[in-house]
Amino acid sequence: MIPSVLPTYNRAPLTFVKGEGAWLTEADGRRFLDLGAGIAVNALGHAHPALVAALTEQAHALWHVSNLYNIPQQQALADKLVEHTFADTVFFTNSGTESCELAVKMARKYFYDKGQPERVEIITFDGSFHGRSSAGIAAAGSEKMTKGFGPLLPGFVHLTFGDLDGVTNAITERTAAVMIEPVQGEGGIRPVPDAELKALRQICDKNGLLLILDEVQCGVGRTGKLFAHEWAGITPDIMMVAKGIGGGFPLGAVLATEDAASGMTAGTHGSTYGGNPLGCAVGCAVIDQVATPAFLEGVNRKAGLLLQKLEGLVADHPDVFEEVRGSGLMLGLKCKTSNIDMVNAGYENEVITVPAADNVIRLLPPLTLSEDDIAQALIRLDKAATQVNSQLTSA
Ligand SMILES: *Cc1c(COP(=O)(O)O)cnc(C)c1O
């Protein structure tokens, strides 16, 4: 008999009932160090006082009004994002894949309005992840996500990750945009080198294409800049955001330049919940915390410390790990054995990590994690790796 919850997830037998900072309490009382943060969502950890205050204050005042009316919290969050980024304008969604939907629509409408309606194709890369909507799965294009779901949304050209020559060769009079994650998340924590992002920007400029960055996972301070593309010194035309921006409240956004957004006039797009008062009140509190030099400096300092310790872990367990890679507090340990075994061994040692493609376990801790938390992370990951290693030698 089918479970009452549609069984689309492989769930670990863990039930968390409370969270505080980087720690989660299981129903049985065990305390787990959370290096997954709900897949880069709980950017400020669990129950951050500023977020709890923002949410409860707004909850007492007004939960929801339609976008038929002015929403001051939405205006405030848009103003903050415009102030701190390349963007001139922002549309709010509830999730990453909805941000993908609008990014695709915006790029197509841009060229339609410029008198080039044939420009509908978007170049994407293997290993990418843009969410589970029809546009999202068509954009990523992997068989795993698309098989059985019928005709896909046309208009995506899939290239090998890192194939810059391929991009130039793939551009035709039908090409509208290039869409890429500056650091692939689900694909196994694969950063796009700064030089490649710069080259992509140049290719887009030379050919009059839009550059769409998917910063749903790598954005909002995760890499030690407010947005990951800042490391490469480039700016996109359109950027997809979600996950960390709500700190746990479902919130997403599409940021764009005035030019890229020029086709999106009244009536061309909308969302019932997108940008509602509760979500935006929380989003404002997240940005107020994260978008300060001191906070981002803290992320970089902790990231340096964690990376150094993880390099030691890899050296100590050469049969378990191949390498550590990533950017800021978006790190991946590439495993030599099964990454799932390592994630499970983590559970047994009360540390949470997240599997990704390419046999990687992801470490996406709350950006607020302390140095004590980092020390605990290493103790627990070391125990888990020792356990995996002993399973190897006894097998
Ligand atoms: C998680 C993710 C998405 C999809 O976000 P949802 O909120 O699950 O729809 C899109 N792109 C990237 C890079 C992601 O990591």
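**Ground rules.** This is a predicted model, so I kept to its limits: local features need pLDDT of at least 70, side-chain atom pairs count only at pLDDT 80 or more, and totals for chains, interfaces and linings use all residues. Residues are numbered from 1 along each chain as its sequence is written, and side-chain values use heavy atoms, with hydrogens and water left out.

**Domains.** I started with the domain assignment, which gives domain 1 as 16–34 + 294–394 and domain 2 as 49–290. Such bounds come from an automatic or database assignment. Taken over C-alpha atoms, the two centres are 28 Å apart. I then looked up who takes part in the contact (heavy atoms within 4.5 Å): domain 1 brings 20 residues and domain 2 brings 21 residues.

**The interface.** How much area is buried between domain 1 and domain 2? I got about 1600 Å², with 60% of that from carbon and sulfur atoms. Buried area here is the accessible area (1.4 Å probe) that two parts lose on being put together, summed over both. In domain 1, Leu296, Met330 and Arg362 lose the most area to domain 2, together 38% of what that side buries.

Next I went for the charges. A salt bridge is a side-chain nitrogen of Lys or Arg within 4 Å of a carboxyl oxygen of Asp or Glu. The rule finds one across this interface. I also noted a salt bridge between the side chains of Glu186 and Arg362, at 3.0 Å, N to O.

Polar contacts came after that. I count a pair of N or O atoms within 3.5 Å; within protein, one must be able to donate a hydrogen and the other to accept it, and residues adjacent in sequence count only if both atoms are side-chain atoms. Between the two domains, nine residue pairs are in polar contact, both at pLDDT 80 or more.

Which elements carry the domain 1 side? I found α10 (293–316), β13 (321–327), β14 (330–335) and β17 (360–363), each with at least two residues there. Helices (H or I, at least four residues) and strands (E, at least two) are DSSP runs, numbered from the N terminus. The most comes from α10, with four residues.

**Aromatic pairs.** I searched the whole structure and got two. Rings of Phe, Tyr and Trp (its six-membered ring) pair if their centres lie within 6.5 Å; planes under 30 degrees apart count as stacked, over 60 as edge-to-face and the rest as tilted. Phe16 and Phe32 have ring centres 5.4 Å apart and planes at 75 degrees, so I wrote them down as edge-to-face. Phe16 sits in strand β1 (residues 16–20) and Phe32 in strand β3 (residues 31–34), 16 residues apart.

**Lys336.** I found this residue in the loop between β14 and α11 (339–348). Beyond its neighbours within four places in sequence, Lys336 touches several residues, including Asp319, Phe321 and Asn359. The backbone oxygen of Pro318 is 2.8 Å from a polar atom of the Lys336 side chain.

**Positive phi.** Most residues other than glycine have a negative phi. I noted Asn359 with phi near 60 degrees, a positive value, in the loop between β16 (354–356) and β17. Lys243 also has a positive phi, of about 35 degrees, and lies in the loop between β11 (238–241) and β12 (252–256).
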